[in-house]
Amino acid sequence: ARGSLEVDVGWECERARMDHNGAAMVAMAGKNCVAIATDTRFGLQMQTVTCDFEKVFKLTDRVFAGFAGLATDVQTLRNLLKFRLSLYALREEREMKPDVLSSLLSHMLYEKRFGPYFVEPIVAGLKDDGSPFLCGMDCLGAAVFAEDFVVSGTCTENLNGICESMWRPDMQPDDLFETIGQCLLAAVDRDAMSGWGAVVHVVTPEGVTSKRLKGRMD
């Protein structure tokens with residue numbers, strides 16, 4: 001019983017660190033396109049500090065990664081991953097594919113399993129044949145691959161429910177943008193730790209379209 005209590009307390013402390021700054025993130029697949037969206041709030045628990053915090057990063061022309069979790073670990077992992085990507089490009093003379101990038105990120109997280117980065121990443125991109133690639137992970141790098149959508153952050157229950165209702169296969173880029181934007185805005189309206197605006201990136205074989213969305217500011 002004592003061991004079980006210690007495990008429960010440890011998990012609650014880890015979850016508290018993960019949720020300390022708040023985040024809401026979702027990636028969604030369409031027909032030869034993929035989109036990733038996140039809120040822009042940076043807070044200290046219930047106190048909002050700023051509403052322009054970057055959580056999703058363009059890593060290659062076809063791959064984006066988002067990190068929901070502790071803000072300091074978000075920035076640390078972003079810088080380390082960009083360094084690894086630059087090193088790969090110098091050695092291999094080519095850009096990293098999304099499946100390779102997700103494997104690299106998973107190994108980077110598992111390396112620190114005894115003192116983990118408090119982030120839950122999402123990798124979204126297009127494969128060589130133009131098909132979408134979606135991958136979500138926990139803070140230890142355990143990956144899950146999806147063909148519809150993946151979610152992360154402090155309102156995953158809200159996002160899962162709304163996305164299950166709104167997502168449909170083979171959406172075109174414009175429909176995908178509308179769907180993922182509405183799903184995110186509806187989910188963060190029911191979560192006090194995230195929201196205050198959003199950013200949506202839609203990746204197609206022709207390029208990337210990024211748009212900012214206005215959300216409730218109360």
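User: Before we start on this predicted model, buried means under 20% relative accessible area. Which residues of α3 are buried?
Analyst: An α-helix has 3.6 residues a turn, so residues three or four places apart point the same way. With that in mind, here's the set for α3: Pro98, Leu101, Ser102, Leu104, Leu105, Ser106, Met108 and Leu109.

User: And what covers the buried residues of α3?
Analyst: Two groups turn up here. One of the covering elements is a helix, α2 (71-92). The cover also includes the strands β6 (63-69), β7 (119-126), β8 (132-137) and β9 (143-146).

User: How far apart are the end C-alpha atoms of helix α3?
Analyst: Helix α3 runs over residues 98-111, which makes 14 residues. At 1.5 Å a residue they should span 20 Å. The model agrees with that, as the end C-alpha atoms are 20 Å apart.

User: How many aromatic pairs are there, and which parts does the Phe42 and Phe53 pair tie together?
Analyst: A search of the whole structure finds three aromatic pairs. Phe42 and Phe53 form a tilted one, 5.2 Å centre to centre with 35° between the planes, and both residues are buried. Phe42 lies in β3 and Phe53 in a loop, so the pair ties together parts 11 residues apart in sequence: strand β3 (residues 42-44) and the loop between β4 (47-50) and β5 (56-58).

User: Is Asn79 buried, partly exposed or exposed?
Analyst: Asn79 is found in helix α2, and its side chain makes a polar contact of 2.8 Å with that of Arg78. Buried would need under 20% and exposed over 50%. Asn79 has 45% relative accessibility, so the call is partly exposed.

Definitions and conventions. Residues are numbered from 1 along each chain as its sequence is written. This is a predicted model: local features need pLDDT of at least 70, side-chain atom pairs count only at pLDDT 80 or more; totals for chains, interfaces and linings use all residues. Side-chain values use heavy atoms; hydrogens and water are left out. Helices (H or I, at least four residues) and strands (E, at least two) are DSSP runs, numbered from the N terminus. The expected span of a helix is 1.5 Å times one less than its number of residues. Buried means under 20% relative accessible area, exposed over 50%, partly exposed in between (1.4 Å probe, protein chains only). Contact means heavy atoms within 4.5 Å. Rings of Phe, Tyr and Trp (its six-membered ring) pair if their centres lie within 6.5 Å; planes under 30 degrees apart count as stacked, over 60 as edge-to-face and the rest as tilted. A polar contact is a pair of N or O atoms within 3.5 Å; within protein, one must be able to donate a hydrogen and the other to accept it, and residues adjacent in sequence count only if both atoms are side-chain atoms.
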